[in-house]
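Dear colleague,

Please find the structure below, together with its sequence.

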Amino acid sequence: MFKRNIKITKDYFSLVKFKNKYLITFIIIDLINVLVSLLVPYFASLIVENVTKGLYNISFICVTMLGLTHLFNKIGSYCTNWCYANFFKDAYVEVHSTLVNSIYNFDEEYSKKIPIGKIINSSNSDIINIAEIPSFIIELSIELVKLIIIYFVFAKQSILVALYVICIDAIYYNFARKCNNKNAYYLKKQRNYADKITGMLSQILTGLKDIKSFGINEKLNNKLDGYRKRWQENYFLKRKYYFTRKTLVGLIIDFGKIILYFLLIILVLKHKIQIAIFLLLISYYDKAKDSINDIMGFDVSIMEESVSLYRITEIINYGNNALKLDGLVHNDDIVGQVDFKNVSFKYNKVPILKNISFTAHPNQVTTIVGKTGSGKTTIFNLLLRLYKVDSGQVLIDDLSIYDYSKDVYNSNISVVNQKTFIFNMSIRANLSLIDSNKKRQINACKRVGIHDFIMSLPDGYNTILKEDATNISGGQKQLLSLARALLTTSEIILLDEVTSSLDPNTTNKIINLLDDLKTDHTLIIITHNKDLMKVSDSLIVLNSGKIECIGKHDDLIKNNDFYKKLNAIIE
């Protein structure tokens with residue numbers, strides 16, 4: 001127990017790094033408060049003893065001292081709670097901030113390694129769950145001190161009785177600890193199935209239309225039923241060991257008290273202890289029982305909350321260990337020429353790109369085409385520095401992309417995805433995430449051709465968009481995403497299937513927009529749209545991770561058989 005809890009303490013404070021005056025104050029007051037609580041049975045026994053002797057004045061003094069002890073104890077309890085609440089409100093903010101910042105570093109594969117349900121649960125309940133770890137560890141330590149004092153009092157009166165009490169407590173502790181370990185084991189399994197249930201619910205909400213369309217809700221319910229059944233089983237087993245400790249294992253202490261009565265009565269009959277000491281030791285036996293129960297309770301709570309602690313640290317460590325690229329070049333004067341030189345890349349030891357070379361020039365539209373799985377998206381992922389090439393070089397303005405500082409690089413390259421995400425806030429607020437200047441927002445929206453639509457809305461730029469902008473059309477959402485990309489002042493814009501699923505009118509708007517955007521940008525596009533391919537300044541045609549050909553549409557359609565076949569199968 002001690003070794004494990006010391007490790008948990010170290011791990012907690014490696015997560016919550018700041019030193020806090022409230023926590024230190026909490027420790028001092030709580031220690032004093034617990035020691036003061038030991039005076040309660042002492043004064044109570046003195047009252048009984050002095051009343052039986054007819055010493056009423058001393059009895060009244062003892063009653064007064066007992067009242068003051070209770071008052072001091074309650075004031076101390078209030079102060080400890082106040083101090084700890086102040087400590088945790090700061091700790092919560094720090095842990096949540098650390099967790100979210102680590103999520104920003106996640107790679108594209110995070111959902112395969114950390115379930116989304118786990119991330120959501122950890123960002124809420126798990127951070128709350130670890131609130132009391134320092135409190136429980138401190139309280140456990142103080143209860144141990146209290147227990148030692150109680151054993152000392154017993155030993156002072158009778159070594160034999162002290163050894164008996166210690167023996168009973170040790171037996172009780174041993175069985176209770178085993179129950180605690182089982183409790184923690186099944187709690188962890190229970191939380192894992194809770195993550196699966198949350199993750200499945202998240203997927204159901206995302207794919208609700210498809211679920212209704214295909215009528216697959218019963219099959220999904222069967223899968224959820226499996227998770228819920230496992231959750232039930234592990235919850236019951238967790239509770240079983242909890243109430244076993246509270247009831248059956250508790251009989252050890254209860255029957256131990258019966259035997260203690262016999263031992264103490266014998267000592268009274270032999271005139272080795274007074275009635276007051278008899279009452280004090282019985283009371284202290286109960287105190288020892290309470291301390292051991294508190295120690296067991298704190299130990300269970302520490303183990304339970306450590307499950308949450310290690311769930312949080314797993315997520316944070318995943319983000320912290322993700323690929324971080326932050327070079328030393330802070331020169332922001334970038335023209336925007338992109339070069340791939342003999343680039344090869346493997347994912348999970350499977351070759352994806354095989355020695356490819358091409359150039360995307362400023363003021364041009366460079367389009368990457370190919371069948372699914374040919375490596376198009378991988379090129380974008382490499383340009384976004386989500387992965388590092390195995391061999392070759394990716395250059396911007398003849399300098400390796402890994403040499404640029406994070407701030408400079410991120411401000412000069414942006415991406416508009418096929419399924420871009422818009423936040424549940426106003427149009428103005430969404431744009432202000434990039435640039436809060438209202439004039440530049442309006443100019444960007446005018447340039448992409450969405451300003452008039454926004455102004456036709458009742459609240460204009462203050463219109464609240466639903467989550468992922470479901471209250472505007474897909475085309476309007478894509479234009480808004482393009483406006484957002486323009487506000488980044490990026491020299492290089494990556495467009496990933498931006499016309500997919502759009503109506504012909506909106507597609508034509510975007511095609512016309514590209515001719516304007518390339519005047520001051522390097523545009524690199526992934527597309528299956530024939531019209532976009534026709535207007536591109538350069539087509540990079542991929543075939544199983546290799547470049548099949550490079551050129552303009554008209555030249556390739558005449559001279560390259562692979563491109564002809566590819567063009568023929570594109571709808």
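Trp-82 is partly exposed, with a relative accessible area of 46%; here buried means under 20% relative accessible area, exposed over 50%, and partly exposed in between (1.4 Å probe, protein chains only). This is a predicted model, in which local features need pLDDT of at least 70 and side-chain atom pairs count only at pLDDT 80 or more, while totals for chains, interfaces and linings use all residues. Residues are numbered from 1 along each chain as its sequence is written, and side-chain values use heavy atoms, with hydrogens and water left out.

A search of the whole structure finds 15 aromatic pairs. Rings of Phe, Tyr and Trp (its six-membered ring) pair if their centres lie within 6.5 Å; planes under 30 degrees apart count as stacked, over 60 as edge-to-face and the rest as tilted. The rings of Tyr-22 and Trp-82 have centres 5.7 Å apart and planes at 75°, so this pair is edge-to-face. It joins distant parts of the chain, with Tyr-22 in helix H2 and Trp-82 in helix H4, 60 residues apart. Helices (H or I, at least four residues) and strands (E, at least two) are DSSP runs, numbered from the N terminus. Tyr-22 is partly exposed, at 21% relative accessible area.

Tyr-347 and Tyr-387 also form an edge-to-face pair, because their ring centres are 6.2 Å apart and their planes stand at 70°. Tyr-347 belongs to strand E1 (residues 338–347), whereas Tyr-387 lies in the loop between helix H13 (376–383) and strand E4 (391–396). Tyr-347 is partly exposed at 26% relative accessibility, and Tyr-387 is buried at 14%.

Not counting residues up to four places away in sequence, Val-165 touches Tyr-151, Phe-154, Leu-260 and Tyr-285, where contact means heavy atoms within 4.5 Å. Leu-147 lies in helix H7 and is buried, at 9% relative accessibility.

Which charged side chains are paired in salt bridges and linked in a network? Asp-126, Arg-191, Asp-195 and Arg-311 are linked in this way. A salt bridge is a side-chain nitrogen of Lys or Arg within 4 Å of a carboxyl oxygen of Asp or Glu, and the whole structure has 18 of them. Between Asp-195 and Arg-311 the closest N and O atoms are 2.4 Å apart. This pair links helix H8 to helix H12, across 116 residues. Asp-195 is buried at 4% relative accessibility, and Arg-311 is buried at 5%.

Lys-7 forms a salt bridge with Asp-11, the closest N and O atoms being 2.8 Å apart. Both residues lie in helix H1, four residues apart, about one turn of the helix.

Yours sincerely
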